[in-house]
Every structure is written in structure tokens, then in C-alpha cells.
Amino acid sequence: MYSNGYIFRYAAIMVILAAALLSLAAVLLKPFQERNIAIDKMQGILSAAQIKGVTSENAIPNFNKYIVEELVIDPEGNVVSSYDKSPKQDAPAFNIDLKAELYKQGKHKPYVLPLYVAEKNGQKIYIIPMRGVGLWGPIWGNIALSSNFDKVIGVYFGDKSETPGLGGEIKTPKFKNQFIGKTIFNKKGQFTSIEVVKGGIQKLPPPQRVHGVDAIAGATLTSNGVNNMIKDVLKLYLPYIKKHS
Amino acid sequence: MSTENQEREPLFSPKNMKLLTGPLNLNNPITVQVLGICSALAVTAKMKPALVMTIAVMIVTGFSNLVISLLRKGIPSRIRIIVQLVVVATLVILVDQVLKAFVYDVSKQLSVFVGLIITNCIIMGRLEAFAMGNKPWPSFLDGIGNGLGYGLILITVSFFRELFGSGTLFGYQVVPQSFYHFGYENNGMMILPPMALITVGVIIWVQRYYKRELIEK
């Protein structure tokens with residue numbers, strides 16, 4: 001039998017050793033992890049703008065090449081800061097924590113929003129990052145709009161824990177490609193967002209089909225999450241869009 | 001152990017090899033001991049996460065067995081479960097951090113399941129049943145063997161689930177597009193967790209058909 005003193009000493013030393021080891025690992029690996037997170041973000045942004053051939057190896061040079069400006073905008077649609085130098089990952093907009101800003105927005109506190117401007121074949125593309133809730137956890141994404149904000153160039157989605165094969169399908173090209181060419185404003189210039197329609201867009205009257213995409217069968221709640229995310233986030237950018245289109 | 005005074009045992013003696021290969025078949029942690037079912041359901045919808053999970057679990061079972069076996073003479077028995085948990089948790093967090101640093105996209109897919117290796121009953125089971133009473137090298141082999149045995153089932157299950165559920169293997173399309181034109185559809189049921197349970201059940205059935213000695217009286 002071991003004495004109580006021994007047990008306490010044993011436990012204390014073991015816990016301190018484990019803590020030291022883990023802190024060391026966390027500190028040593030942090031630069032790699034942050035780089036991966038930044039690269040992942042860049043890939044998402046470029047993917048929404050339909051820039052192909054971006055891998056984790058060439059994401060940084062491609063991002064610096066295609067993204068021409070990164071803006072921080074306030075709720076009234078004014079540009080707070082603009083950044084067009086390299087490296088682009090040092091921009092204030094790139095380092096905005098959208099989750100925190102949306103939380104502030106929900107609490108009616110002042111907030112700022114990031115906006116990325118890419119240039120492809122001489123055309124400006126505006127890329128808006130989004131964040132929302134899926135069925136099991138957060139979902140996020142980017143939506144790329146054409147230079148006068150009327151057409152969707154492309155989208156990108158990611159999720160923390162949606163069901164693989166059901167909600168997880170929002171990440172597949174099959175779902176994302178549906179958004180290309182859809183519009184977020186109707187003919188009268190009213191904001192319509194993009195509706196993710198359960199049962200398919202053929203349920204909508206024909207004039208509205210340009211504002212809708214098919215939901216994923218069996219993933220109604222994730223589809224609703226995507227629907228709400230696009231609507232809620234784009235709404236916040238409307239003042240800026242109104243001023244610049 | 002009786003080998004203490006004998007001549008040095010070769011590293012891969014028949015007895016040690018048995019530790020490594022036993023869990024693959026007759027002593028499989030999933031199909032025979034029926035441990036670790038929960039994570040087997042969660043990560044087997046696609047093959048790639050199943051493979052990475054296998055490697056992660058193998059590393060954790062192997063090294064936690066090794067560490068516990070090295071410490072076994074000093075661990076106060078009253079807090080041994082806590083000690084085991086701390087060792088396992090430390091290893092799991094390390095694996096998670098390394099995955100995040102070097103294979104970020106895979107770690108994104110596995111998300112919470114790497115963290116949940118801590119709760120995998122196979123690991124604690126092997127620590128209690130083997131590492132607490134055996135020398136480090138056999139314990140390490142036992143851990144690796146059990147990780148492999150777990151992974152074998154995981155990969156088999158994910159093979160069938162991905163093939164029939166998504167028509168792909170490791171993300172590559174294997175069911176030809178022409179099949180879909182003739183009305184073939186991916187079976188959405190295969191993607192849902194209950195089908196993992198049924199697939200595991202079928203594997204147990206097949207295994208017991210060939211290994212009659214496993215059938216309970």
C-alpha cells in the first residue's frame with residue numbers, strides 16, 4: 001500500500017509533467033496551426049471567387065495575387081480601413097474575428113465587417129465571409145458577388161460537425177455550383193437573398209427561381225442554416241452595397 | 001512475468017507476434033470484445049477519416065500502453081485510473097495538435113472524434129488488462145495490435161459505407177457515372193450511423209461463421 005503523501009506527490013508531479021509537455025507542444029506547434037488556419041481561410045475566399053487550382057501550398061502567393069483590396073466596413077456601410085499592400089494576410093480585415101463581430105451585432109454593440117475585393121480577368125469580385133449555425137455546430141462560408149453586387153460568382157461553405165453525407169454535403173461542388181449565376185436582388189432592386197428551398201426550386205414560381213437553390217434531401221436543418229446564414233449576413237452588408245452599386 | 005530470469009527474448013518472438021496479430025482476428029477489440037463501437041459508428045462514413053482515426057488510435061494505444069507499463073510499479077493502485085486517464089488524455093491532445101499542425105484538412109474532417117479517443121474503451125481496457133501487469137515492449141505491441149485490430153474493422157466498415165453510400169473510395173469516384181444514368185442511386189442509409197452498427201454485425205456474423213470457437217455456448 002502507498003501512503004497518502006506518496007499518492008499526492010505522485011499525482012502532483014504527474015499532472016505538472018503532463019501540463020509542461022502539452023504547453024510545450026502547444027507553443028511549438030502554434031505557428032504551424034495558425035498558418036494552416038490562415039491558408040484554409042484564403043483557400044475558402046479564393047474558392048468562392050471561382051479561382052481554380054489553389055492548393056494549400058500555393059494559397060499564399062495566389063491570395064496575394066488575386067486579392068487586390070481588403071476592406072473593413074462599419075454598419076452604415078462606410079469604409080473604416082482599406083488595405084491593398086502585401087502580404088495580404090496582415091490586413092486588418094483578414095484578422096477580423098467574424099464570430100465575435102456577429103456576436104456584438106446581436107448585442108447591439110458597434111461592430112465592423114470584413115470585405116475582400118478580388119480581381120479576375122479585369123473584373124472586380126467582392127467576397128463576403130459568412131458565419132451561421134447548422135444542425136450540430138457552426139457553419140461558415142464565403143459568397144462572391146460580381147462588381148455591381150447583382151450576381152453570385154460562387155460560394156464556399158465549411159462546417160464544424162454537420163452529418164457526413166447529409167448536412168456535410170454543403171461542402172460538395174454539386175451543392176455549391178447551384179449558386180453560380182443566381183441573384184440576390186430582384187428586378188425592383190429589393191434584397192431577396194438566396195433561398196435554399198426544401199423540395200427543390202421547381203416549387204417556386206418561375207420568376208423567383210433565380211433567387212433559389214435546391215436544399216439537400218435529408219438535411220433540412222443544415223439547409224435552413226445555410227439559408228439563414230446567407231440572409232442574415234448579406235443584410236449587414238446592404239448599406240455598403242447600396243452605396244457602391 | 002516468468003521471462004525475467006530467462007535469456008533475453010527476441011523482440012519479435014512468437015509470443016510477442018501473437019500480441020500483435022491476436023487482436024486482428026480471434027481477439028479483435030470490436031468484433032470479439034465489442035469495445036470501441038461508439039467511435040466506429042462515427043468515423044466510418046468515409047474511408048479517409050477512418051484511416052487517420054486508425055493511425056491516431058494506434059499511436060495512442062501503443063504509447064499509452066508503453067508509458068503505463070513503464071510506470072506500472074510506481075502507480076498507486078488507488079489512483080491508477082486517474083493516472084491512466086492523464087496519460088491517455090495527454091497523448092490524445094498531442095495527436096490532435098500534431099494533426100492540426102501538419103494535416104489540417106484531415107483534422108478538420110475528424111473534428112471532435114480525435115478528442116473522443118480519450119473515451120475509447122479499448123484504450124483503458126488494454127491499460128487495465130495488459131499494461132499494468134506486463135513489461136513495456138510486449139505492452140507496446142499489445143497496444144499497436146489492438147489499434148490495428150480496431151482499425152481493420154473501421155476500414156472494412158468504411159469501405160462498404162463509402163462505396164454504397166457515396167459511390168466513392170477515399171473520395172475518388174468508383175461507381176461509374178453510367179450506373180447513375182441507368183437509375184442507380186447511392187444508398188443514403190449507408191451514411192447514417194445505424195448502418196455502421198449493422199455492418200459491424202455482419203462482420204461479426206461472418207467472422208463467427210469461419211471461427212466457430214468464438215460462438216458463445
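Trainee: Which residue just after α1(A) takes a positive phi?

Mentor: Gln50(A), at about 60 degrees. Keep in mind that this is a predicted model.

Trainee: What makes α1(A) a bent helix, and where does it bend?

Mentor: Helix α1 of chain A covers residues 4-48 and bends by about 50 degrees at Lys30(A). The angle is taken between axes fitted to the seven residues ending there and the seven starting there. A proline, Pro31(A), follows within four residues of the bend.

Trainee: Over to chain B. Why is Thr31(B) called buried?

Mentor: Buried means under 20% relative accessible area. Thr31(B) has 1%, so the label holds. Thr31(B) sits in a loop, between α1 (14-21) and α2 (37-42) of chain B.

Trainee: What does Thr31(B) touch?

Mentor: Not counting residues up to four places away in sequence, Thr31(B) touches Ile153(B), Ile203(B), Ile204(B), Gln207(B) and Arg208(B).

Trainee: How do you know that Thr31(B) and Gln207(B) make a polar contact through their side chains?

Mentor: The cut-off for the pair of N or O atoms is 3.5 Å. The two side chains come to 2.8 Å, and the pair counts as a polar contact.

Trainee: Now the interface. How much area do chain B and chain A bury between them?

Mentor: About 2,300 Å², with 69% of it on carbon and sulfur atoms. The contact takes 24 residues from chain B and 24 residues from chain A.

Trainee: Which elements of chain B give two or more residues to the side that touches chain A?

Mentor: They are α4 (80-102) and α5 (104-110) of chain B. The most comes from α4(B), with 10 residues. The residues on that side of chain B divide into 15 nonpolar, 5 polar and 4 charged.

Trainee: How many salt bridges cross the interface of chain B and chain A?

Mentor: The rule finds 0. A salt bridge needs a side-chain nitrogen of Lys or Arg within 4 Å of a carboxyl oxygen of Asp or Glu.

How values were computed:
Residues are numbered from 1 along each chain as its sequence is written. Chains are lettered from A and ligands numbered from 1 in the order in which they are written. This is a predicted model: local features need pLDDT of at least 70, side-chain atom pairs count only at pLDDT 80 or more; totals for chains, interfaces and linings use all residues. Side-chain values use heavy atoms; hydrogens and water are left out. Contact means heavy atoms within 4.5 Å. Buried area is the accessible area (1.4 Å probe) that two parts lose on being put together, summed over both. Ala, Val, Leu, Ile, Met, Phe, Trp, Tyr, Cys and Pro count as nonpolar, Asp, Glu, Lys and Arg as charged, and the others, Gly among them, as polar. Buried means under 20% relative accessible area, exposed over 50%, partly exposed in between (1.4 Å probe, protein chains only). A polar contact is a pair of N or O atoms within 3.5 Å; within protein, one must be able to donate a hydrogen and the other to accept it, and residues adjacent in sequence count only if both atoms are side-chain atoms.
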